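Here is a short briefing to read beside the model. Keep the structure open as you go.

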Amino acid sequence: MESCIVIGGGIAGLTSAAYLTKQNIKVTLLESSPKLGGRAYSFTEQKSNDVVDNGQHILMGCYSDTINFLKLIGAKENFIYQKRLCINFLTQAGKLVRLKSFTSIYPFNLIFALLNFKAITYTERLSLIRFVIKLPFISHQKLSDKNIRDWLKEEKQSDATIKSLWEIIAIGALNTNIDKASAFIFREILMKIFFNGNFASTIILPKNGLSDAYVKNAKKYIESNGGKIKLSSSVKEFIISDNKIVGIKTAEEVYKDFDYVISAIPFYAFNNIFSELFWDEKIEFEYSSILNIHIWLKNNTMKEQFYGLIDSPVHWIFNKGNHINLVISDADYLIDKPAEEIYNMCINELIKYTELEESDILHYKVLKEKRATFVPSNKNNYIRPSSKTKIANLFLAGDWTDTGLPSTIESAVKSGRVAAELILAECQM
Ligand SMILES: Cc1cc2nc3c(=O)[nH]c(=O)nc-3n(C[C@H](O)[C@H](O)[C@H](O)COP(=O)(O)OP(=O)(O)OC[C@H]3O[C@@H](n4cnc5c(N)ncnc54)[C@H](O)[C@@H]3O)c2cc1C
């Protein structure tokens, strides 16, 4: 029986381990922290006793690899699926504007949704539709040295259209402002959202905390297929002989009995430990942070499940009944500020955009994720490595590898599936 060590218990490592154990490969997964889930996990907030995520995660219908993985581990039912696209936006005056498709006749329902997007004028909506229809015909090469703003301007998207729609979608999907993020990768995402049938553009949210939504099922699936999971096992060193990894050292143990290795740790962790094995000169990725501000309420009059905020430093509000979760993406400019200052800024925004008053608030918690995602700039896209490495039995996974997708759950799952498939193909040779 062939065997594999998977390093990293985020969703990329869990995916690799699940697909390998499915095919009877003996897997040992080593995770440095005492929990699984990596950058997508949940925990119990002490004051409220509510389970909260380290960061609200939004999935989309176009996350095909993720949905297949959730089906495999029996976790598909732990998520809420929109029947058709509906995003509620709030303007500063508290006006609700919807991007909503009514009929299910694709693609007319999406065109109809854009045509009815009342945050912008009718002429702007027509220009928006023209741009979306043109997307498949825009050459990739043309975009590989452009940022999103320059591209949108070139495509005659007005300032209002950029602010009311494109900026919110881009920052949400890429966690990077449109002056920095690559137009190339943004076009790839828009193609997946708008040109993949009805379901692709819908939003998917976990029903409960992320650890319940997928981590538990993944662990159970891997272990019931014979896989072993070792927590608090941080890999420190590879022993290499004849261009193969023959030993893996953690602080406590040396692993020698394996055929293949998948590294599914983040780029910065990989770069710290193993960079000299791979790159002649040290390469660096730029990262971007995300803030999640959880606010517990006495009264909540919000009706929708989530809202996008037009022209606000707060990008999203997720409504969980007795508490709301505000998300600020691309948050490097705020990350080192005290929690109270961030909270006060959020309260001002809530008062502008909603009917909430400060007296409705019970308590709050600010969660900061400093290296939440890598910046999908043209430079970063260019240096992303593929899963195959020059070490014969080592494969890479992780949202940062060359999946063609931004730093997302879908990229992580795709990378984990690809690394597992490469090993399975070698096993069959
Ligand atoms: C706040 C926040 C919000 C986000 N929102 C979204 C969203 O809405 N939609 C979306 O699709 N994506 C979102 N993301 C991105 C998404 O969470 C990541 O892309 C995904 O979780 C990355 O998974 P991964 O397995 O590649 O890496 P990670 O989750 O980082 O997993 C790597 C694992 O490796 C472990 N590790 C590190 N070093 C070692 C070592 N030496 N030995 C052993 N183990 C090690 C780590 O502890 C970690 O568990 C968000 C991320 C954050 C932080």
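Two residues are in contact if their C-beta atoms, placed from the backbone, lie within 7 Å. By that rule, seven residues of domain 1 are in contact with six residues of domain 3. This is a predicted model: local features need pLDDT of at least 70, side-chain atom pairs count only at pLDDT 80 or more, and totals for chains, interfaces and linings use all residues. Residues are numbered from 1 along each chain as its sequence is written.

**Domains**
- The chain is divided into domain 1 (3-40 + 209-285 + 379-428), domain 2 (98-198) and domain 3 (287-374); such bounds come from an automatic or database domain assignment.
- The side of domain 1 that touches domain 3 has four nonpolar residues, two polar and one charged.
- Here Ala, Val, Leu, Ile, Met, Phe, Trp, Tyr, Cys and Pro count as nonpolar, Asp, Glu, Lys and Arg as charged, and the others, Gly among them, as polar.
- The centres of domain 1 and domain 3, taken over C-alpha atoms, are 33 Å apart.

**Ligand**
- The ligand is surrounded by 37 residues, each with its C-beta atom, placed from the backbone, within 6 Å of it.
- The closest are Gly 8, Gly 10, Gly 38, Gly 55 and Thr 408.
- Elements giving two or more residues to this shell include helix H1 (11-22) and strand S19 (361-374).
- Helices (H or I, at least four residues) and strands (E, at least two) are DSSP runs, numbered from the N terminus.
- The shell has 16 nonpolar, 16 polar and five charged residues.
- Domain 1 and domain 3 both give residues to the shell, so the ligand lies between them.

**Core**
- The largest nonpolar core has 116 residues.
- Such a core is a set of buried Ala, Val, Leu, Ile, Met, Phe, Trp, Tyr and Cys residues joined through C-beta atoms within 7 Å.
- A residue is buried if 20 or more other C-beta atoms lie within 10 Å of its own, exposed if 12 or fewer, and partly exposed in between; C-beta atoms are placed from the backbone.
- Cys 4 and Ile 262 have the most contacts inside the core.
- Cys 4 touches Leu 20, Phe 258 and Ile 423, among others.

**Backbone points**
- Most residues other than glycine have a negative phi, and most peptide bonds are trans.
- The peptide bond from Tyr 106 to Pro 107 is cis, with omega near 5°.
- Asn 175 has a positive phi, near 50°, and counts as buried because it has 27 C-beta neighbours inside 10 Å.
- Asp 242 also has a positive phi, near 50°, but counts as exposed because it has 6 such neighbours.

Key: Lists of a residue's contacts leave out its neighbours within four places in sequence.
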